Amino acid sequence: MKKCDICNEKFTVWSTIRLAWGCSLLFSFLQISACIIDGFVPALTLSVNAVFIDRVLAFFAGKTSADAIIFPLLAILLILLWQNLSRVILQYGEGVRMHRIKELLQSAFIQKISRLKYRQLERPETQDLIKRAALDPENHVKLVLDSISGIFILFLQNSSVLLVVATTTWWVGVLMILGMVFLGRISMRAGEEDYHLQTEITEEKRKLDYLDSVIMKKDSVFERMLFAYTGVVGGWYQKLFMKTYQKEKRVLKLWSVRGKIGGTLSALFAILILFLLIPEVQKGQMTAGLYISVLNAVFVVTNSITWNLSYHMQNLAKGRELLRDMTQFCRLPEEDSLQNPQKDKSEAALFESLEFVNVHFRYQEDGQEVLKGLSFRLEAGKQYAFVGKNGAGKTTVIKLMLGLYPEYEGKILVNGKELRNYTSEQRSALFACVWQDYAKYQITVKENLCFDEEREPGVLESALDKVGLSETVQRLSDGIHTSLGRLMEDSTDFSGGQWQRLAIARAYVKGGGIMILDEPTASLDPMAESKIYRDLAEQNKDKTILFITHRLGAVQGVDTIFVLQDGRIMEQGKHLELMELKGSYAQMYASQQKWYV
């Protein structure tokens, strides 16, 4: 199974076996061989133990020499040596194979996540599915493989032992087979119930994880101290924990009851066999050694059926459900892809114009309209600003520009071509965007700017200079190669304003036809924000820039200001033109004017 085919695969028990076989042919062959040998070890042990005990008894009775004990004793030692040696070899081979499976699956699933449609990623059920199926898929595969090999070995072990037992007392073998089938069915049902419960409480566990991060993580430490809310949040955590625990407790109780009943029945069964076989020994139809070995085999097999088989069957049921989740994850809709993305990226970056024509949009089919017949036009080489109160629809406009939501009414034209006809790679090449909730990557400054992609000399330094970070980076211990954040001992953590400037510099380095800044300087004071925006405008007079902000003083110098209100353009024009209208813009500016004086 190739990496490119992974996400087109329907994950089943059989496809999992093929995946394991393809990742390590040699180890898979050795594992099957070892499983077959291990399957016959208990039967061989039963026979050798019987011979050994009979010869030891005969030796003490003076009926044979000590030499007769050597062969069965050596056989017992060889069996023990094989069991330990095979375990070491198989563990090593398993580690190598699982490393290859992990590399294959995680690489394919990470790429799959990166190609998912944005609307899909915003859905809680998608996040739950990713958490269940895509975060550690190699462990799901391992669960299935371990279950299959465990059941296969147990089948061979119990079959071989039952065969030996049946040759002496056939009815004991029949009873043991019936018990194995009965407990196997119960275990499979228990595994399915347990997995379905875990699926039910995924949402509660997600909230538990969040509350745990609020209590434990560094990001909220200051507010925890200031508002002293640890006890309150801890109470919420405890209440939700008990709610999920009660659901889990129900399955645990059922599992415990099944286990106790199975253990009791297996013990009673073994005791019954003990008494029923005594007449066979008295009649001389069974030797003492065989009697002891058969009893030991009965205990081993019944315990194996009760616990080991139940454990593997339960895990196999869980594994099958997880494989279904992996298949469902792989079927999630993706963004369109290009045959030659590099060529089309360069073509898409040649921006000329962007136009919204009577665009209507709502996030849910039955939800309220966010944009209501929105129309405007942006042209290359000019600078624009969208302003308005919170909830006016500014960020929604940007999301539609970026193609994150193609389910709109009306037209969005880029260079005269409908935006929905562009692929994700083309849209990515067209825009460089900085969001208000930008990411803080705890890697080096250079990696923050270009993620280790090659750039022409001076590009990174120029981007840092444009946002006023050049001197700050030069003073760092390793300059542009200094690690940021708190992951490494020699890392340096930036202030909030410095992180914001770095995010803007990253957009510079990326490039594109339009640079969009969606309130990325919100944590800066108005004067500092205004300065950054003025610098950006001055240094990029030939570049198309779109500012999204509710601070009007920062965008006075742009070519056109669009005043967005209730999903529509209420006013548009230059700063002075809008002030002369004495409308919404003039009122908002007057209320903020003291920030800039």
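Which residues does threonine 560 touch, not counting residues up to four places away in sequence?

**Before selecting anything**

This is a predicted model, in which local features need pLDDT of at least 70 and side-chain atom pairs count only at pLDDT 80 or more, while totals for chains, interfaces and linings use all residues. Residues are numbered from 1 along each chain as its sequence is written, and side-chain values use heavy atoms, with hydrogens and water left out.

**The whole chain**

Begin with a cartoon view of the protein, which has 23 helices and ten strands; helices (H or I, at least four residues) and strands (E, at least two) are DSSP runs, numbered from the N terminus. Of its 597 residues, 46% count as buried, where buried means under 20% relative accessible area, exposed means over 50%, and partly exposed lies in between (1.4 Å probe, protein chains only). Among contacts (heavy atoms within 4.5 Å) between residues at least 6 apart in sequence, 74% join residues at least 24 apart.

**Select residues 25-60**

This selection is helix α3, which gives the nonpolar surface patch its largest share, seven residues. The patch covers about 860 Å² and is made by Trp21, Leu25, Leu26, Phe29, Leu30, Ile32, Ile36, Phe40 and Phe152, and phenylalanine 29 is one that you will find in helix α3. Patches are made of residues with over 30% relative accessible area and no salt bridge, with like charges joined within 9 Å and nonpolar side chains (Val, Leu, Ile, Met, Phe, Trp, Tyr) joined within 5 Å.

**Select residues 288-330**

Here is helix α13, where glutamate 321 and arginine 324 are three residues apart and therefore separated by about one helical turn. The two form a salt bridge, with the closest N and O atoms 2.7 Å apart; a salt bridge is a side-chain nitrogen of Lys or Arg within 4 Å of a carboxyl oxygen of Asp or Glu. Glutamate 321 is buried, with a relative accessible area of 13%, whereas arginine 324 is partly exposed at 43%. A search of the whole structure finds 14 salt bridges.

**Select the open sheet**

Next, colour the four strands of an open sheet, whose order is β2-β1-β4-β5 with antiparallel pairing. Strands β2 (371-379) and β5 (417-418) stand at the edges, each with a single partner strand, so one side of each is left without a neighbour in the sheet. Two strands pair if DSSP finds at least two bridges between them, and seven bridges join strand β1 (residues 353-361) to β2. Leucine 354 stands opposite leucine 378 in β2.

Now show the side chains of arginine 377 and glutamate 379, which meet in a salt bridge (3.3 Å, N to O). Arginine 377 is partly exposed at 38%, and glutamate 379 is partly exposed at 31%. Both belong to a network of salt bridges that links Glu355, Arg377, Glu379 and Lys382.

Move to glutamate 418 in strand β5, which counts as buried at 15% relative accessibility. Its side chain makes a polar contact with the side chain of tyrosine 408 (2.3 Å) and reaches the backbone nitrogen of isoleucine 412 at 3.5 Å. A polar contact is a pair of N or O atoms within 3.5 Å; within protein, one must be able to donate a hydrogen and the other to accept it, and residues adjacent in sequence count only if both atoms are side-chain atoms.

**Select residues 560-565 and 568-573**

These are strands β9 and β10, which pair in the antiparallel sense over five bridges. The hairpin has two residues between the strands, and aspartate 566 takes a positive phi near 55°. Isoleucine 561 has glycine 573 in β10 as its bridge partner.

End at threonine 560, whose place is in strand β9 and which counts as buried at 17% relative accessibility. To answer the opening question, threonine 560 touches Gln383, Tyr384, Ala385, Gln572 and Gly573, not counting residues up to four places away in sequence.

Key: Areas by Shrake-Rupley, 256 points an atom, 1.4 Å probe, with all protein chains shown as cover.
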